[in-house]
Amino acid sequence: MTTFEAILLTIVTASTPLLIAALGELVTERSGVLNLGVEGMMVMGAACSFAAAVTFDSTLLGVAAGMLAGALMAALFALLVLGFAANQTGSGLALTILGLGLSGLIGAPFVGARRDPVAPVDIPGLSDIPIIGRLFFEQDLFVYASILLTVLVGLYLMRTRSGLTLRSIGENHTSANALGLPVWRVRFWAILFGGACAGLAGAYLALVYTRFWSPGMTAGRGWIALALVVFAAWRPGWVLVGAYIFGAATVLQLHAQAAQFGVPSQVLSAVPYLATIIALLLLSIRHGRAIGAPGSLGVPFVPDR
Amino acid sequence: MKADVPPSGQPLVELKGISKRYGDLLANDGINLSIEPGEIHALLGENGAGKSTLVKILYGVIEPSAGEIRLEGRPVTIGSPVEARALGLGMVFQHFSLFDELTVAENIAVALSGDWSLSTVREKLGEISGTYGLALDADRAIWTLSAGERQRIEIVRCLLQNPRLLILDEPTSVLTPQEAEHLFTTLDRLSAEGCSILYISHKLEEVRRLCRRATILRGGRVVATIDPRASSAREIAALMVGNAVGDIRTDAPHHPQGETLRVSNLTMPPAGLHGQALRDINLAARAGEVVGIAGVAGNGQSELFAALSGERLADHAETIAINGKPSGTMGIDARRRVGAAFVPEERLGHSAAPTHSLSENTLISHASTEVSRSGFILMNAAKRVARSIVQSFDVRTPEGDPQARKLSGGNLQKFVIGREIIRRPKLLIVDQPTWGVDAGAARLIRQALVDLAREGSAVVVISQDLDELFEVADRMAVIHQGTLSPLRPIGEWTKEAVGLEMLGVAQAEGGVHAI
């Protein structure tokens, strides 16, 4: 493996958790709910998946535990913002703080433990193509799953009846209610989906990316995922682009720092953020009319009956 | 069990004793109504008469507190719009229930039950558009369409489900006359095909054009069911606004002096899609009198208030003169400094900040007076002012200095009106002073307005409540579609005359062209 190939592989690994978490949040936001608790759900996913994987010595059980943990956190959020029509910003921030604390408690016995790498899935023949072969066709299952998920979310939102219902509810929940669309039910499942995705992203971090647990290991990736959704104008395809640009810039700036170009390291650290913003901005300018947030995003739904 | 063919003479829909209670307010009170197959039935009434509440009940959006709905003789419970549509009821809302970012086809598909693909929706849309002359482009986004086009989508959306009853809530309120005529042709055609239509309106000429039967609501009750073609506009207007004259006024005679407010040729374009333009408005209020502005909601009242208060500025300073000073281009606070005070219609969020305490809320209009000095708030002074408002205007508060939102509607209204009156303004402009307020608070507020005028201020009251205007006003004018009728002494007005002005038929009846 050449150094170049190694760098490309780390880019994919750095981008995948962002992509998965952002896709989940995208679906939640398209239904009109702003969940700022991605970071908290993600870190809980990381802690629970690692704990389960070490305890039962099973990556599969670990992943399941991570998704379940994320979904449970999301269910708590759903109870607050749907059940009690609580402020979504406040509830989301609280969820992040809760997740960061609780994950530390759950993960404490597992600090110092290590997991073996997850074997990549080799697609015979294709993986032998030079340079891009290993990049595209010899990844772990999560990477394939995340790409598939992007396509499925896109198809679901734009091509299915249920996806149309979800978008309508996010656009204008008062009208949706007047037409008899099930606002609460759709939002509940959208929030749960977002939680499960954030949990899966956390599981990927703990089981594939680092293969150990340390408190607060998500290190702001949940927030990046949130920002990606906004910069990508709530479009799955653009989220994919954004996640990979951010991942690439992160990895490359690390190598640049190591190579000591004489540029202050703080400037280089800022590169991923700037690159992502500029890239997605160019994308939306080229597309013409700026696409706004879903109309009912962040507004509590209280029907008059 | 289920009869496939309804026995002849059976009404399609029958409402029996429908009531809806919101707290102390009875929005619908024992309403009976029946609609025959293929009939265009009008539901007439002023704003707040309970029309919208009734149709929302029929369409399953809100639950009735009491009463029964029968469909072809069978009692039914309509728990949601989905159930209503399954029963063959369709509704076109007054404020469209469309999704701005979605395309026409998507907007239609989302409301249809059953299995629809976007391509079948496109096909069906083409068919219906052709049959009824409702031209629509399936792939345009809603935000690019005009109000008339938007309404067409709502109608097509209903027609695709082959409804037996189509409900239209104030369908022409956002249409141009040409678009409205187009709509009437479509409705005539639907009725001829056997679809019943419940047509809600306060516009008399339309109802006489379309309907053979009309049910008139006032104050949540059915006052009459008539044939609008057989009754005169005067009779119908009298039924809608009521004959009972308000309480006798026991005021001392007044001697108005110079003009405190003069509005000359005020013209303003509408602020938005649902807005109303103001056309050539002339108005004067003299010190010592109460001037009333009557009219059905949405005819330019909020626009007039915004122009008078300075929320929207006129093009020329001379258009509005307060205390003789040209003020048309002055902002709200500048107008306050020349002696004016304003109470907008919306209590929470416009007159008062909901989560701020009462003392903080005094700052909203007292900012340039005794409660602040060199940019600093004098909290004790503000509390003192709040306390004196609470005492003088009998505001019942939960605790010492509560948040504005903790007060009931009536008490908060007493507070925001008291807050302005306590400043002893030379000119007070109030929009809907007793809207949604209990009778006791309403009495106190009206008395306070009259008292302020008798002490030498000019008071302008914009209200939809005619009884209220007859009680407090010395002179009155009616606003209709952004134009103001001449200002006449209250003694020269009858309720009937006001009703006709409100409906915009005063000129038509007396003039060449009767509808």
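The legends below describe close-up views of a predicted model. Local features are given where pLDDT is at least 70 and side-chain atom pairs count only at pLDDT 80 or more, while totals for chains, interfaces and linings use all residues. Residues are numbered from 1 along each chain as its sequence is written, and chains are lettered from A in the order in which they are written.

**View 1. The open sheet of chain B.** Six strands of chain B form an open sheet with mixed pairing, in the order S6-S7-S8-S3-S9-S10, where strands are DSSP runs of E with at least two residues and helices are runs of H or I with at least four, numbered from the N terminus. Two strands pair if DSSP finds at least two bridges between them. Because S6 and strand S10 (221-226) of chain B each have a single partner strand, they stand at the edges, and one side of each is left without a neighbour in the sheet. From one strand to the next, the twist averages 20°.

**View 2. Strand S6 of chain B and its partner.** From S6 (residues 89-92), B:Leu89 and B:Met91 point one way and B:Gly90 and B:Val92 the other, and all are buried, meaning that 20 or more other C-beta atoms, placed from the backbone, lie within 10 Å of a residue's own. Strand S7 (residues 165-169) of chain B runs parallel to S6(B) and is joined to it by four bridges, with B:Leu168 as the bridge partner of B:Val92.

View 3. Strand S3 (residues 40-44) and strand S8 (residues 196-201) of chain B run parallel and are joined by five bridges. Helix H8 (residues 233-241) of chain B packs on the sheet, touching S3, strand S9 (213-218) and S10 of chain B.

**View 4. Where chain B meets chain A.** In this interface, 17 residues of chain B are in contact with 13 residues of chain A, contact being C-beta atoms, placed from the backbone, within 7 Å. The largest share of the side of chain B that touches chain A, four residues, comes from H3(B).

**View 5. Two helices of chain A.** The axes of helix H1 (residues 3-30) and helix H9 (residues 183-209) of chain A come within 7 Å and cross at roughly 170°, the axes being lines fitted to C-alpha atoms over the stretch in contact, with angles from 0 to 180 degrees between N-to-C directions. H1(A) is therefore roughly antiparallel to H9(A), a term for angles over 145 degrees.

Methods: Contact = placed C-beta atoms within 7 Å. Buried ≥ 20, exposed ≤ 12 C-beta atoms within 10 Å, placed from the backbone. Parallel < 35°, antiparallel > 145°, perpendicular 65-115°, else oblique.
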